[in-house]
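Biologist: I should like to learn how to read the features of a model such as this one. May we begin with the display and then take one feature at a time?

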Amino acid sequence: MSVRTSATSAVGAPRAEVIADAALDLLAERGMRGLTHRAVDEAAGLPQGSTSNYARTRLALLEATVRRLAVRESRVLAVDELPDPAGGIHSLVDGMALALHRYLTNHPQLLVCRYELALEATRRPELRAFFDATGRQFHEPLTALLRAAGSQDPERHTLSLVAWSEGIMFSCVAGVFHASVPDLADLREGFGELLRGMLAASPS
């Protein structure tokens with residue numbers, strides 16, 4: 001199956017977005033070995049050399065891909081749009097469950113891309129730093145949200161919440177539960193158990 005970018009790149013989108021979206025499509029379909037400058041040109045329907053002009057090295061292409069992935073993930077997860085903690089645990093649980101369910105059911109290919117890039121980052125220290133920096137755009141708002149909700153240890157609770165969410169995502173996209181994605185009710189139950197435990201904890 002040939003890669004097509006029409007589903008992810010709007011007509012008239014800036015060339016940088018078209019290139020990065022094509023790179024993400026290639027990662028999802030062919031893996032890291034299929035991500036080359038020439039392949040991106042072909043997938044994006046651009047003249048040969050277009051991707052090289054935008055990202056001259058492989059590292060530059062990977063960094064552009066990570067940036068675009070972060071943009072698209074932010075639209076799906078919308079961490080900054082989660083309910084005000086003043087609304088109570090129930091509203092937070094609903095918001096988090098909806099975001100995760102939306103990601104799992106509508107955008108599993110983005111998760112595949114993230115895993116490909118995360119593994120590549122373990123072999124490229126320069127990409128590791130860049131990858132981690134983009135990840136902070138999700139973690140820092142979540143820590144602030146947990147702190148506002150009454151967490152006594154928001155940094156540790158952020159790690160626990162992210163680790164649980166990442167575990168669900170990996171298991172349901174690339175792991176043994178890929179054929180049994182939890183429904184919205186199950187995700188609400190899971191987030192509820194986590195948040196009630198975290199927010200009920202008293203300082204040691």
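Biologist: As what does Asp153 count, buried, partly exposed or exposed?

Modeller: Please note first that this is a predicted model, in which local features need pLDDT of at least 70, side-chain atom pairs count only at pLDDT 80 or more, and totals for chains, interfaces and linings use all residues. Residues are numbered from 1 along each chain as its sequence is written, and side-chain values use heavy atoms, with hydrogens and water left out. Now to the general idea: a residue is buried under 20% relative accessible area, exposed over 50%, and partly exposed in between (1.4 Å probe, protein chains only). Asp153 has a relative accessibility of 28%, so it counts as partly exposed.

Biologist: With which residue does the side chain of Asp153 meet in a salt bridge?

Modeller: Side chains of opposite charge can pair when their charged atoms come close. The rule for a salt bridge is a side-chain nitrogen of Lys or Arg within 4 Å of a carboxyl oxygen of Asp or Glu. The partner of Asp153 is Arg156, at 2.9 Å from N to O. Arg156 is also partly exposed, with a relative accessible area of 47%.

Biologist: How many salt bridges does a search of the whole structure find?

Modeller: The search finds 13. Among them is the pair Glu29 and Arg30, at 3.9 Å from N to O. Glu29 counts as partly exposed at 32% relative accessibility, and Arg30 does so at 44%. Another pair is Arg124 with Glu126, whose closest N and O atoms are 3.8 Å apart. Salt bridges can also join into a network, as in the one that links Glu17, Asp21, Arg68 and Arg72.

Biologist: Which helix holds Arg30?

Modeller: Helices are DSSP runs (H or I, at least four residues), as strands are (E, at least two), and both are numbered from the N terminus. Arg30 lies in helix H1.

Biologist: How far apart are the end C-alpha atoms of H4, and what span should its 20 residues have?

Modeller: The expected span of a helix is 1.5 Å times one less than its number of residues. For H4 that gives 28 Å, and the end C-alpha atoms are 28 Å apart, so the two agree. H5 can be read in this way too: its 18 residues should span 26 Å, and its ends lie 25 Å apart, which agrees. After H4 comes Ala78, whose phi is positive, near 45°.

Biologist: Against which helices do the buried residues of H4 pack?

Modeller: Packing is read from contacts, that is, heavy atoms within 4.5 Å. The buried residues of H4 pack against H1, H2, H3, H5, H6 and H7. The buried residues of H4 include Leu61, Leu69 and Val76, and also Arg68, Arg72 and Glu73. In H5, the buried residues include Leu92, Met96, Leu100 and Leu104, and the helix packs through its buried residues against H4, H6, H7, H8 and H9.

Biologist: How many residues has the largest nonpolar core?

Modeller: In soluble globular proteins, nonpolar side chains tend to be buried together. A nonpolar core is a set of buried Ala, Val, Leu, Ile, Met, Phe, Trp, Tyr and Cys residues joined through side-chain atoms within 4.5 Å. The largest here has 55 residues, and Met96, Leu104 and Leu161 are among those with the most contacts inside it. H5 gives the largest share, eight residues.
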